[in-house]
Amino acid sequence: MKKNSRYKIGIIGCGTIGSSLAGYVTRHLDNDAELVYLCDHHREKAEHLKKRLPGKIRIVLEDELIQGSDLIVETASMACSAKIAQKALRKNKRVLIMSVGGLILDPGLSKWLEQSSGSLWVPSGAVAGIDGLQAACLDNIRRVKLVTRKPPRGLAGAPFFLKHPFPQLRGNEEKLVFRGTACEAVKWFPQNINVGAVVSLGGCGTQKTTVEIWTSKRYRRNEHELIAAGAFGEMRAVTRNKPSVENPKTSRLAVLSACAALKKICSRIKVGT
């Protein structure tokens, strides 16, 4: 991309996060970026979003979007995020992935990055403390753990419960539902534990990151507690998330984190690790 030219941005996935990012680009980044393409498996979603946005935005297929964009933004699903990242990196593009769980379940990630002059961006999402974790991992780190607390309705439908009984709760008791590696957590709770993938990529890997998932009837919000210890000392970051107004299943902070990532990519000053 030429110096002082605007990023041409294409967004794949026009749901809650994709729509919010599209609005943010057109309202706040118009000096540095231009939204040129939208793509969604359900074309009517893209059409609906396009009507609410200014500018000459085209609705195209995935391959055309990747070819014509300087920065590809994936907000679609874990099922397709790895494929989108791979296609973008093969074209030496910048790509921002929101459905991070798809990346850690695909063993080819490091190979794509080695063979590409493009770059992969992963926002912090709904968890705080990633910048400190990245710094801590440059030294001798002993432990990284993510403790997630969710109300029962937030866990309903997870593949984990096809093989395990859903927790029976008495009163306001807290119950441990799952303990395992980040890779296992993403596999069994793909819609619930995207933050586990972010923590493992920003830290010491999927197999060395422990994830615990707790539930209780008294929980009202999704809470993520990041714990790390090592030569640097100890850190503990707790995030109690409010849901997005547009979609209660999406944390508001996850949407804001994606907007902040776009701002950082386009900005001439980079703050934070």
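This report walks through the sheet, a helix lying across it, and the nonpolar cores of a predicted model.

**The sheet**

Let's start with the strands. Six of them form an open sheet with parallel pairing, in the order β3-β2-β1-β4-β5-β6. At the edges stand β3 and β6, and since each has a single partner strand, one side of each is left without a neighbour in the sheet. The partner of β6 in this order is β5; the two run parallel and are joined by three bridges. In one example of this pairing, Leu-96 has Trp-121 in β6 as its bridge partner.

**A helix across the strands**

Helix α4 lies across β1, β4, β5 and β6, and runs at about 170° to β5. Here is where to find these elements along the chain:

| Element | Residues |
|---|---|
| α4 | 78-90 |
| β1 | 7-12 |
| β4 | 71-74 |
| β5 | 94-97 |
| β6 | 119-121 |

In soluble globular proteins, nonpolar side chains tend to be buried together. In this model, the largest nonpolar core has 51 residues, and Phe-189 and Ile-193 touch the most other members. Domain 1 (7-125 + 253-266) and domain 2 (130-244) each supply at least three of the core's residues.

Which residues is Phe-189 in contact with, leaving aside its neighbours within four places in sequence? They are Leu-155, Ala-158, Phe-160, Phe-161, Val-177, Phe-178 and Ile-213.

Definitions and conventions
Residues numbered from 1 in each chain as written. Predicted model: local features only at pLDDT ≥ 70, side-chain atom pairs only at ≥ 80, totals over all residues. Heavy atoms only, no water. Pairing = 2+ DSSP bridges. Helix = DSSP H or I, 4+ residues; strand = E, 2+ residues; numbered from the N terminus. Contact = heavy atoms within 4.5 Å. Axes fitted to C-alpha atoms, helices over the stretch in contact; angles between N-to-C directions. Core = buried A, V, L, I, M, F, W, Y, C linked by side-chain atoms within 4.5 Å. Buried < 20%, exposed > 50% of the residue type's maximum accessible area, 1.4 Å probe, protein only. Domains from an automatic or database assignment.
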